[in-house]
Amino acid sequence: MAKGQPLRREQAWTMLQNRPESNTKMKLTRCGKITLGILMMVIAAVIIGLIVYFVTYGKTPFYYHINFKVNNIDYDSKFEKPYSQEYMDLNKKIVSLINETFHESKLRRQYVKSHVVQVSRAKGKVIIHAVLKFKSCYINGAAKFWDSVETILHQKLKGKTGSLCIESSSFKFSDIAMPTAENLLHTCCGRRTITSSGNKIAGGMDAEEGEWPWQASLQQNNVHRCGATLISNSWLVTAAHCFIKARDPKEWNVSFGLLLSHPHTQQSVKDIIIHENYHYPTHDNDIALVHLSSPVLYTSNIRRACLPETTYSFPPNSDVVVTGWGTLQSDGASPNILQKGLVKIIDNKTCNSKAVYGGAVTPGMLCAGFLEGSVDACQGDSGGPLVGADYKGTWFLAGIVSWGDECALPNKPGVYTRVTYYRDWIMSKTGL
């Protein structure tokens, strides 16, 4: 049975008591001291509050875009893939240079971070495009702050830049609006704000805000039906069987966020692409793509998962995590908060044994869970992500929740659509 819908956590005063005048004066004096003390406490509290406010909230974020040419680095198409080793090595060099530049400057306390958001080509060499984030109290001095940042950068690029041979005349500098900048700062796939591990879905373990930022809820007429995975700011991947009763994009919307009841954002759907060789009730080719009506902006809590190449391997017994808002047990209640489950890859040979699924698992499928049961995806998790991290902590999409015999039963692990098997198909439809 498919695991989705519609298919499937105070000192008394004793002196001068016989002298009423003095006693009265004492009371007055005492009250005066108390009043003054209270006033001083209020003033102190206000000052402390203002300090806390300005330290925490009073700094205005400033964002800048820079680009420059590096003459001693030949362009490589692998720079286009933000999870490739080539891109990561280049980004590390550039970010280290920018970090060094501002950590040694008068703006070291205002500088927050930077990130290479694009690498383009010019006469066989690379053009670096990076976004920088600062926080400053100079709300009315934006132009002066702008000049300071530009001057510091320009002076650095004309001087010692380590192993990077930068063409200083190519340096360009501009400011950039917050939503666009934050979107660019979080374009890296497979990166999370929270890094704790998973436990159960069937059985229940709440996820945390920003822990699985690529998770989305597919909703038909505003009711959660399936999970989905964000793979770009415009595309999600999910299970084909989620749409067997409704394929009209107008009936569907996508929400992002930890809670179903209070999503961060919602998007309408422009198009649904179901694998042309998917034929219900069989489980082969159980994959579909959802094209959003407008791109979602990346934030610290909304990011994309990395798509693995066809040759990427998720070895048997390796740890992977499945997430979703599905039921906590077979035919049980559905949670409002996103659930997570840590499971292990099970090789197809074991999964096809007579005691398990007796040959029903094809090459386009992937098994994950435990043969003793206890942790599994369940109804309403369909189409959601099964992800695994590489040694650098980058998360790749291994599978799509597809089917299984009930939930968390012994010898009945979850079966997922194998993403590497359909990598070329995803590319052909999305260009990703």
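The largest cavity has a volume of about 100 Å³; a cavity is a set of points, on a 1 Å grid over the protein atoms alone, where a 1.4 Å probe fits but cannot get out. This is a predicted model, in which local features need pLDDT of at least 70 and side-chain atom pairs count only at pLDDT 80 or more, while totals for chains, interfaces and linings use all residues. Residues are numbered from 1 along each chain as its sequence is written, and side-chain values use heavy atoms, with hydrogens and water left out. Helices (H or I, at least four residues) and strands (E, at least two) are DSSP runs numbered from the N terminus.

**Cavity**

- The residues lining the largest cavity are E208, E209, G210, E211, W212, P213, Q215, G257, L258, H264, N301 and L338; a lining residue has an atom within 4 Å of a point.
- This lining consists of four nonpolar, five polar and three charged residues, where Ala, Val, Leu, Ile, Met, Phe, Trp, Tyr, Cys and Pro count as nonpolar, Asp, Glu, Lys and Arg as charged, and the others, Gly among them, as polar.
- The volume is the space filled by probe spheres set on the grid points, which are joined across faces, edges and corners.

**Pockets**

- The largest pocket has a volume of about 630 Å³; a pocket is an open set of points with protein on both sides within 12 Å along at least five of seven lines.
- Of the 26 residues that line the largest pocket, F79, E80, K81, P82 and R304 lie nearest its centre.
- Strand 2 (111–122) and helix 6 are the elements that give two or more residues to this lining, and strand 2 gives the most, with four residues.
- The lining of the largest pocket has 13 nonpolar, seven polar and six charged residues.
- The second largest pocket has a volume of about 460 Å³.
- It is lined by 21 residues, with N91, S114, H115, C188 and R191 closest to its centre.
- Helix 2 (85–103) and strand 2 each give two or more residues to the lining of the second largest pocket, and helix 2 gives the most, with seven residues.
- Nine nonpolar, seven polar and five charged residues make up the lining of the second largest pocket.

**A residue of helix 2**

- T101 lies in helix 2 and is buried, with a relative accessible area of 8%; buried means under 20%, exposed over 50% and partly exposed in between (1.4 Å probe, protein chains only).
- Apart from neighbours within four places in sequence, T101 is in contact with I152, L153 and K156, contact meaning heavy atoms within 4.5 Å.

**Nonpolar cores**

- The largest nonpolar core has 48 residues, of which L236, F243, V254 and F256 touch the most other members; such a core is a set of buried Ala, Val, Leu, Ile, Met, Phe, Trp, Tyr and Cys residues joined through side-chain atoms within 4.5 Å.
- Among the elements that each supply at least two residues of this core are strand 5 (215–220), strand 9 (265–274) and helix 6 (423–430).
- Not counting residues up to four places away in sequence, F243 touches L218, T238, W252, I272, I274, A288 and V290.
- A second, separate core of 34 residues includes M88, I98, L107 and F134.

**Salt bridges**

- The whole structure holds eight salt bridges, each a side-chain nitrogen of Lys or Arg within 4 Å of a carboxyl oxygen of Asp or Glu.
- K125 pairs with D74, the closest N and O atoms being 2.5 Å apart.
- K125 is partly exposed, at 23% relative accessible area.
- K133 and E182 form a salt bridge at 3.0 Å, N to O.
- K133 is in strand 3 and E182 in helix 4 (residues 178–185), so the pair ties together parts 49 residues apart in sequence.
- Both K133 and E182 are buried.
- E86 and K78 meet at 3.7 Å, N to O; E86 is partly exposed at 30% relative accessibility, and K78 is partly exposed at 41%.

**Backbone**

- Most residues other than glycine have a negative phi, and most peptide bonds are trans.
- The peptide bond from Y280 to P281 is cis, with omega near 15 degrees, and P281 sits in the loop between strand 9 and strand 10.
- N285 has a positive phi, near 60 degrees, and is in the loop between strand 9 and strand 10.
- N285 counts as buried, at 16% relative accessibility.
- E406 has a positive phi of about 50 degrees and is found in the loop between strand 15 and strand 16 (414–418).
- E406 counts as partly exposed, at 40% relative accessibility.
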